[in-house]
Amino acid sequence: MEQDRLDEIASDPSERNSSVATPSGAAVKRPQITDALARTFFEEWARVGYSALSLDAVAKKAGVGKAALYRRWRSKADMAQDLVSQLTATVPGRIESGDRGSLEADLYAMGLAGRRLMRHPMVRRIMADLYASMEREPALAAALRPSEAASGKKVATLVDRAVARGELPADVDRRLATDFLIGPLYWRLVVLGQRCTRQQLKALARMTAAAFRAG
């Protein structure tokens, strides 16, 4: 059975590229096919959820042969881990706010960046399902760890700036600060599916700064 799949993969006509010198019988991984599969994978994930996601359906809707998909990823878990890792690697940079001069201003700027990321309908649906599926699929948890660590460092940097300004004590719990900063916005936008206005973000920044000081 496995050899049949390998034979199919090796002869997949959708990836032939006569302009590239390759060994006889080999197929080239064309970037446009990889992009189409990745885009369709996330679209299907948002539509049906991870547990019901079918790689056959992904290949069909992307207009690509199944062999082309399996040349890139061995399984749904392998594909999810790879694509989620690539996607989340960009998240810490997207929430980078820089030094705005005060703890509250830094929190507000980071809140704006987080809102921009989480209010996209597809992102909201996938994020909620992703965290719900992590317990059953270790590959998803593994894919998120680097991004979570990087985001934690961003928050720690924000806290360190506030400590240097004298706005926070040096022994503030940075891990708890990360949870407190991300949790309320995630709950409102992703879990409840509600809007968060700039005024609400400013209020959340004030409350978060007060909680950091109290903690």
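Helices here are DSSP runs of H or I with at least four residues, and strands are E runs of at least two, numbered from the N terminus. By that rule the protein chain has 11 helices and 0 strands, and its pattern along the sequence reads α-α-α-α-α-α-α-α-α-α-α. The model is predicted.

**Whole chain**

Of its 215 residues, 40% are buried. The accessible surface amounts to about 11900 Å², and carbon and sulfur atoms account for 54% of that. Take the contacts between residues at least 6 apart in sequence: 62% of them join residues at least 24 apart.

**Aromatic cluster**

Select Phe41, Phe42, Trp45 and Tyr50, which form one aromatic cluster. The structure holds 5 aromatic pairs. One of them is Phe41 with Phe42, an edge-to-face pair with 5.9 Å from centre to centre and 80 degrees between the planes. Both Phe41 and Phe42 are buried.

Now keep Phe42 and Trp45. This pair is stacked, with the centres 6.3 Å apart and the planes at 10 degrees. The two residues are separated by about one helical turn, because they are 3 residues apart in helix H2 (residues 31–48). Phe42 counts as buried because its relative accessibility is 13%, under the 20% limit. Trp45 is buried too, with a relative accessible area of 1%.

The charged end of Lys76 sits over the Tyr50 ring, 4.6 Å from the ring centre.

**Salt bridges**

Side chains of opposite charge can pair when their charged atoms come close. The structure has 10 salt bridges, counted with nitrogen and oxygen within 4 Å. Select Arg74 and Asp78 to see one of them, at 3.7 Å from N to O. Arg74 is exposed, its relative accessible area being 67%.

Next select Asp99, Asp106, Arg161, Arg165 and Glu167, which are linked in a network of salt bridges. Within this group, the side chains of Arg161 and Asp106 meet at 3.0 Å, N to O. Arg161 and Asp106 are both buried.

Arg165 forms a salt bridge with Glu167, where the closest N and O atoms are 2.7 Å apart. Arg165 is partly exposed at a relative accessible area of 28%, and Glu167 is also partly exposed, at 23% relative accessibility.

Go to Thr178 in helix H10. Is Thr178 buried or exposed? At 6% relative accessibility, Thr178 counts as buried. Leaving out residues up to four places away in sequence, Thr178 touches Gly152 and Val155.

Move on to Leu192, which lies in the loop between helix H10 (174–191) and helix H11 (198–214). Leu192 is partly exposed, with a relative accessible area of 42%. Show the surface of Trp187, Val191 and Leu192: these residues make a nonpolar surface patch of about 300 Å².

**Last stop**

Select Arg125, which lies in helix H8 (residues 121–133). Arg125 is partly exposed, with a relative accessible area of 46%. Arg125 and Gly193 are 68 residues apart in sequence, but in space their C-alpha atoms are 9.4 Å apart.

Note on methods:
Residues numbered from 1 in each chain as written. Predicted model: local features only at pLDDT ≥ 70, side-chain atom pairs only at ≥ 80, totals over all residues. Heavy atoms only, no water. Patch = residues over 30% accessible without salt bridge, like charges linked within 9 Å, V, L, I, M, F, W, Y side chains within 5 Å. Areas by Shrake-Rupley, 256 points an atom, 1.4 Å probe, with all protein chains shown as cover. Buried < 20%, exposed > 50% of the residue type's maximum accessible area, 1.4 Å probe, protein only. Phe/Tyr/Trp six-rings, centres within 6.5 Å; stacked < 30°, edge-to-face > 60°. Lys NZ or Arg CZ within 6 Å of the ring centre and 35° of its normal. Contact = heavy atoms within 4.5 Å.
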